[in-house]
Each structure stands twice: as structure tokens, then as C-alpha cells.
Amino acid sequence: MLGFSQTREWVYPQSISGRFTTIRRWTFLGLHLLLLITPWITINGNPALRVDLPARTVFLFGYIFTSSDTIFLLLLLWFAVFSLFFFTAVFGRIWCGYACPQTVFLESWIRPVELWIEGDRLTRKRRDAKGWSFDRAWRKLAKWTVFFAVALFLSMGGMSIFAGVRELWTGQAGPVEYSLVAIFAGFWFIDFTWFREQFCSYVCPYARFQSVLADEETLIITYNIERGEPREAGKQAARDGRCIECSKCVVVCPQGIDIRDGFQLECIQCARCIDACTSVMDKLGHPTLVAYGSIAESEGREVRRWRPRTMVYAAILVGIMMSGGVLLARRIPFEATVNRAPGSLYTVDADGYTRNTFLLKITNKSPDIEPVEYEISVAGLDDAEVLTDAVELGSTETRTIPLIIRVPTSAELERTTPFEVKVSAESGAVVLSPTFKSGAEIGGTGS
Ligand code: SF4
Ligand code: SF4
């Protein structure tokens, strides 16, 4: 493959079928369902998957997380980071070959469309080599039109998670959301029509730092030099089970590399070359020369999936999952905050009581359809009188209510008295710690 600054050597990967291609197709289908169908599913009226950034709320399969749940976001980020470490150390670039959106979209949409409109690898290559003609022009135009529709559709699908699927698809989302869809669609269109494998080879940072995460025992795709060499196009090599120089593993490669040259950073571990060589060697009655393996294995050394670094990563992952599980089980599905009402420190009423007015804000984070009733009580203030409305909130509803507390004014009443406001529901209670203010003189108004 030529460098980024050199002339582009266009890659025309040949279609392939086989065991790993089938596994990948099912994986791609699952990922598409997750991206395109999950946002349409509702659980108790709430989306199964939505990241509502303006409301700082995440809906995740029946759970509702708000800005007060940042600990879960942190745990999720750590889980993603250590999963990447663990899976790269054990399985190499499995993400690139099976789950990266670039691979998933190219394999699921772009290559089939290209095959349908422009024909197979050789037809495409020959037509492109001849230069511009009417036949080539209309096919390219048709292909790019479909690519643009696919890019737009996928961008809408991705944005549905953030903007709300019904709002976005019925034209009710805001200009920011549609502008972002246009930007992402533009990015994917350029990637589909031109950038493609260059993204993996030159832009994606993962390819660069995977060499730090992987070691000699990491799963990679390898060519069996011992059995394959010397390669030779002929009957004797076919009988011996050596490489017959058919180049099938090369022409199917979407990265335009030759796996027989050894480990290369461009390899996204898509396993197309395994299926290619398997199809060739099956016919000759020999095992494939290209297979999953490792550097250690190819040097005759033992491969340990559980080695110190993978055990450390796994232990951290288990720790993160257990912490998340415990926090989730103990989580109270509502949040409450209390703040002093603006402009009033305290007031002394005509009946001699000192009054403090607060604003109590409650958000119901329960996914249940049934409204939740909240009781408010105060502790730590002698003879306190609590004046507030009863609160009943539906799922994701937020309400701010005045909370008035009156305490008989007496010589014992401090200027500042810490006390507790307890907001209780069936699922648990939240205890808040504001302070009660009072003045030294009866009949005054605080400022
Ligand atoms: S060398 Fe094989 S596994 Fe690597 S990118 Fe090419 S086809 Fe995929
Ligand atoms: S597909 Fe197998 S036999 Fe054919 S060139 Fe590649 S390694 Fe050799």
C-alpha cells in the first residue's frame, strides 16, 4: 500500500463467503438492530436507549440516569477503557474486524451496493482502468447516490439516540440536530466514496496504540510460513499443501495488504483472508494456511490466554462490574435538592414564628408508569412547622415546590441552625442538609 502522500492505489476487494464472513454478518446484523431498532423501543413510555444531552438524562434499557449519576458514567468509561485493553490483549483487533462502525457499514452496505451497481472486482477494475465513459459515469453516479442515501440514513439512525427517534424522523427536532445529521452524513459519504481503508491505516489511533496493548501471545491472523513456503504455482505445491500463489487471500483483503508478508499495522483482522484460503485449501484437501494464531504460536511457544496483564485487566473489569452492580442495587430512583428561595434569608411572622422559605426540587428517575408520591419531613429543629404541598410525580417529571419552615422565635434559636430535610418515597429516602436562619431581634426581616 502506498503512503498517504503518494498516489492512491485503489483497493478492489473481491467478495468472499465462509465461516468467519457468516459470523461477521450475524454480528453486523445485531449491531444494526442495536443502532436502528433500539431507539424505537419504549419501556414504560420511555425510550429503551436515548442520550438526551440538553436534559442531561440517559435512558438505558429501563434505567434513567441524570446528572447526579455521574458515577455510573465514570464506571461506564472505565469499563470501556479496560474492555478495550482486555480484548485487545487477548483477541487483538477484534473490534476493528467485527464491531467498528467503519467496518460494519462498509461490509453491510457499501460493498453489496458496489457489487450490485458496478459488478464484481475484475469488472470494476477493468471499467475504471479504461477511463471515463457513459457506462462508468452513470454507474458511479447511481452508486454515489445510494451511498449518500445510506450515509444519511445511518446518520439519522445514530442521531436518533441523541435527538429522540420520533422527533428526528418526523421533522420535529431542532436545527442543531439536523445540522449534525448533515455533518455526519457528509463524513460517511466521503468515507464511503473515497477514504475507506485509509481511515484505518492513517487516521484511526487504535491501530497505533494496539502495539502497546498487544503482545506475542495476542490473537492475530497469521500465515503459516512453515507449511506454506516455498510458495509455488503448480501441482506439486497443491499436493504438498503449500501456498499455490493463487492470490485469493490478497484480492479479498479490504486493506490491500498481503497477509503472507507477516503482521502489518494495516490489518484490521477481518478474517476475509482466512475464508479465502480455506476455500482454496479445502478443495485441495489441506488445512488453511491463513488462520487465527499468534507470534508465540508460530514460533512454537505455548500461548497463555490468562497471563499477568490479561488477569489484571479481567480483575479490574470484574471490580468495575461489581461496583456498578452494588451502586445500581442501592440507587434511589429520584433526586432532590433544596435551596434557599432567592431574596429571603428569614422573616419573622406576626405570630412570633421565624420563617425560612426554600425551594425543593424533586426529579422522579423511576421508569414506572405509576406516579410516585413523595413525603417531606424535617428533623433537627424543635417545634418546627413544615408548610409544603404534597408531591406526586410521573416518570422523569421534575417539580420545584416552595418549602416553608416556621420555628417559634426564642432566645435559644441560633442565627444559623443546621437541620435535615428528608424526602421519602417507597423506594427510599434522600436526606438534605440546609441551614435555618434567624435574627436576634423579634419582628425584623432578614436580608
Ligand atoms: S490481511 Fe486478512 S485479516 Fe488483515 S485486513 Fe486483510 S483480509 Fe482482513
Ligand atoms: S489463499 Fe492460501 S494458497 Fe492462495 S495465495 Fe493465499 S495463502 Fe497462498
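## Exercises on a predicted model

The charged end of Arg406 sits over the ring of Tyr353, 4.3 Å from the ring centre. (A charge sits over a ring if NZ of Lys or CZ of Arg is within 6 Å of the ring centre and within 35 degrees of the ring normal.) The model is predicted: local features need pLDDT of at least 70, side-chain atom pairs count only at pLDDT 80 or more, and totals for chains, interfaces and linings use all residues. Residues are numbered from 1 along each chain as its sequence is written, and side-chain values use heavy atoms, with hydrogens and water left out.

**Exercise 1.** Find the ring under the charged end of Arg24.

*Solution.* Start from the charged end of Arg24. The ring below belongs to Tyr98. Its centre is 6.0 Å away.

**Exercise 2.** Count the aromatic pairs, then classify Tyr63 with Phe65.

*Solution.* Apply the rule: rings of Phe, Tyr and Trp (its six-membered ring) pair if their centres lie within 6.5 Å; planes under 30 degrees apart count as stacked, over 60 as edge-to-face and the rest as tilted. The count is 23 aromatic pairs. For Tyr63 and Phe65, the ring centres are 6.0 Å apart and the planes meet at 25 degrees, so this pair is stacked.

Next, check burial (buried is under 20% relative accessible area, exposed over 50%, partly exposed in between; 1.4 Å probe, protein chains only). Tyr63, at 40%, is partly exposed. Phe65, at 12%, is buried.

Finish with a cluster. Phe105, Phe147, Phe187, Trp188, Phe192, Trp194, Phe195 and Phe199 form one aromatic cluster.

**Exercise 3.** Trace the pairing partners of strand S11.

*Solution.* Helices (H or I, at least four residues) and strands (E, at least two) are DSSP runs, numbered from the N terminus. Two strands pair if DSSP finds at least two bridges between them.

- S11 covers residues 372–379 and pairs with S13 (residues 391–393), antiparallel, over three bridges. Here Glu373 stands opposite Glu392.
- S11 also pairs with S16 (residues 420–425), antiparallel, over five bridges. Here Glu375 faces Ser424.

**Exercise 4.** Why is the protein described as more spread out than a compact globule?

*Solution.* First, the inventory: 16 helices and 18 strands. The radius of gyration (over C-alpha atoms) is compared with the globule rule, 2.2 Å times the number of residues to the power 0.38. That rule gives 22 Å for 447 residues; the protein has 32 Å, well over this, so it is more spread out than a compact globule. Along its principal axes, the C-alpha trace spans about 110 × 55 × 40 Å. Buried residues make up 42% of the 447.

Notes: Chains are lettered from A and ligands numbered from 1 in the order in which they are written.
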